[in-house]
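Dear colleague,

Please find below the structure that I am handing over to you, together with its sequence. My findings follow directly after it.

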Amino acid sequence: MKKIFSIIYICIVLLISLYFIEFFLKSDNKDTSANLDSEQISSIPEPTIKEPETVKFIAAGDNLIHGSIYLQAAKRANGNGYDFKYPYENIKYYFDDFDVKFINQETLINDAFKPSTYPQFSTPIEMGQQVIDMGFNAIGISNNHSYDKGEEGILSSLDYWSKQDGIEYFGFYTGDDDKDIKYMDVNGIKIAFLAYTSYTNGLSIYDPNCPYIILTNDYETIERQVKRAKEDADIVIVSCHWGVEETNNTIPQQEEIAKKLNEFGVDAIIGTHPHVIQPVEWIENPENGHKTIVCYSLGNFISAQSSANTMLGGLFQFDIVKTYTDINDNYIIEIKEPKFVPTVTHYDYDYSNIRNYLLKDYTDELSSNHGVRERQSNFSIEFMESIVNQYIQEEFLLYK
């Protein structure tokens, strides 16, 4: 009997021992797992705010193709179309570092009509290719010469631009905002483009199916388009063809339009038409603090005009910066470092060899031989610098 109790006792002790051994082993495993989980959790990186994203923007003024320019291009092409490389070869390099490059294509590029000069322009399609080759990818085509060749010219020009890759062209409208407002997505920033003109030189179109321009005083339409653009884009840039030709001072109409566009929420206004430069300024909405940068006139990018003041033009550049404010990818958009870069159109005797330069690259030797001196002997680098310093505030000037 004693043996039986001894065996039972031993079995009970063994069972209890096994229980405790299993208990402690499980506890050790739990501790190890807890330690591993803790180590793994500590290795997960903390969420961080994204780095800012930037789009570098630049605008050129009136690409005004007078007869002297296309006749010289025809001569350089030796009977094989038109070669427009030469006029821009001294300035093309400056655009290389920019992402979005705007130009006001003042004259109608088309192949429906032969080339013609002032007062009703028609420009060979080779100029369109030259514009693209220089890197321009935002083409404004709303100006006082948009109707120069009527419905046929408009449709031919729009057909040409529609076949070009890698660009957006804007300034003609159909009434369908989904199609009419143009956008570019660059470096994580979406930009909307619109263009309006104050004048058509008294010309009209009569075909209801033909795209048309919108005048700068059509505030109801402009407000609708800007608000729609702001729903889809981070920033809205508007080209305005306005003002009085060959005057460096703005007029009340320009200032009124700029104020309206600021109220609608436009972020930047690029002014063209006066053929001479005009001031740059920030406009701030007193009610909501919205700021708009306005360059009232860039003057001519190139032309064969005859007065000294029209030889001076400019480029307008700024950075569009997207700054993230938290780990949830909320952000703000700002325009930074707006700068005006003076340019000059040069030609030799009797409008020969028309070409353009940055003013900083222009020389006294070139200025002393400029063909415009036949009419205005005071033309010089000092003459141009005096205009720049009078009308472009120092904070916006990028020169030398």
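The model, which is a predicted one, holds eleven salt bridges. Among them is the pair formed by the side chains of D319 and K56, with an N to O distance of 3.1 Å. Because D319 belongs to strand β12 (residues 312–324) and K56 to strand β1 (residues 53–63), this pair ties together parts that are 263 residues apart in sequence. D319 counts as buried, at 17% relative accessibility, whereas K56 counts as partly exposed, at 30%.

Another salt bridge joins R224 to D177, and their closest N and O atoms are 2.8 Å apart. R224 is in helix α6 (residues 219–232) and D177 is in helix α5 (residues 177–180), so the pair ties together parts that are 47 residues apart in sequence. R224 is partly exposed, with a relative accessible area of 40%, while D177 is buried, at 11%.

D83 and K85 also form a salt bridge, the closest N and O atoms being 3.9 Å apart. Here D83 is partly exposed, at 23%, and K85 is exposed, at 52% relative accessibility.

With kind regards

How values were computed. Residues numbered from 1 in each chain as written. Predicted model: local features only at pLDDT ≥ 70, side-chain atom pairs only at ≥ 80, totals over all residues. Heavy atoms only, no water. Salt bridge = Lys/Arg side-chain N within 4 Å of Asp/Glu carboxyl O. Helix = DSSP H or I, 4+ residues; strand = E, 2+ residues; numbered from the N terminus. Buried < 20%, exposed > 50% of the residue type's maximum accessible area, 1.4 Å probe, protein only.
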